[in-house]
Amino acid sequence: TGIQPQHLGYISAGVDLALLAAAGVLANHWADSTGIGPTGSIAMVPLAKAMVCALLYVLFGVCCHLAKLHDPQTLTGKSPIAHSLKATLCFGAPPAAALLLSLPFMTADDDAVQAFVIWLSYFALAAVALALLSRALFHVMFAAFNGILFVPQRIAIVGSSETSRRLIRWI
């Protein structure tokens, strides 16, 4: 009983995608409490939110891949602070970039743009908060369950090349 280290990466990626979706839902709930009603062009805001969410998911996936956020070696070998900083960057950079791009279009008389920018700012805040919370919980749980979480494995490394040395350091 137990899981392989590579399964930890798959589980982590699934949880992070769910957390990013939760950040969007949470931001939508907070933004709806601002009191801006559905009049005029404000009816297009849900469509804009859906399109931006799809784009943010893609950008989030690219950031995670580039930062190797869900790599088993990164998950198990990095310090909690370094891993939390990587996660914060991956969760926060896409919505922050979208927010920076949309700020010049915010005017005092356009409710639709105001509602969208408010939602996007809440999305960025919720994403970063959920990233930090999830990483704190992950590292506490990983420290507690590390001994029983992984299936013990035996391997034999044959050779003395650089690849063999890298594999021995990784293990």
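The model is predicted: local features need pLDDT of at least 70, side-chain atom pairs count only at pLDDT 80 or more, and totals for chains, interfaces and linings use all residues. Residues are numbered from 1 along each chain as its sequence is written, and side-chain values use heavy atoms, without hydrogens or water.

**Stop 1: the core.** Select Phe91, Trp119 and Leu120. Within the largest nonpolar core, of 26 residues, these three touch the most other members. Such a core is a set of buried Ala, Val, Leu, Ile, Met, Phe, Trp, Tyr and Cys residues joined through side-chain atoms within 4.5 Å. Two or more residues each come from helix 1 (5–32), helix 2, helix 4 (80–102) and helix 5 (111–149). Helix 5 gives the largest share, 10 residues. Helices here are DSSP runs (H or I, at least four residues), numbered from the N terminus.

**Stop 2: Trp119.** Now show its partners. Beyond neighbours within four places in sequence, Trp119 contacts Gly24, Ala27, Asn28, Ala31, Lys49, Val52 and Cys53. Contact means heavy atoms within 4.5 Å.

**Stop 3: Gln114.** Stay in helix 5, where Gln114 lies. Is Gln114 buried or exposed? Gln114 is buried, because its relative accessibility is 18% and the cut-off for buried is under 20% (exposed is over 50%, partly exposed in between; 1.4 Å probe, protein chains only).

**Stop 4: Leu47.** Move to helix 2 (residues 45–67), which holds Leu47. Leu47 is partly exposed, at 44% relative accessible area.
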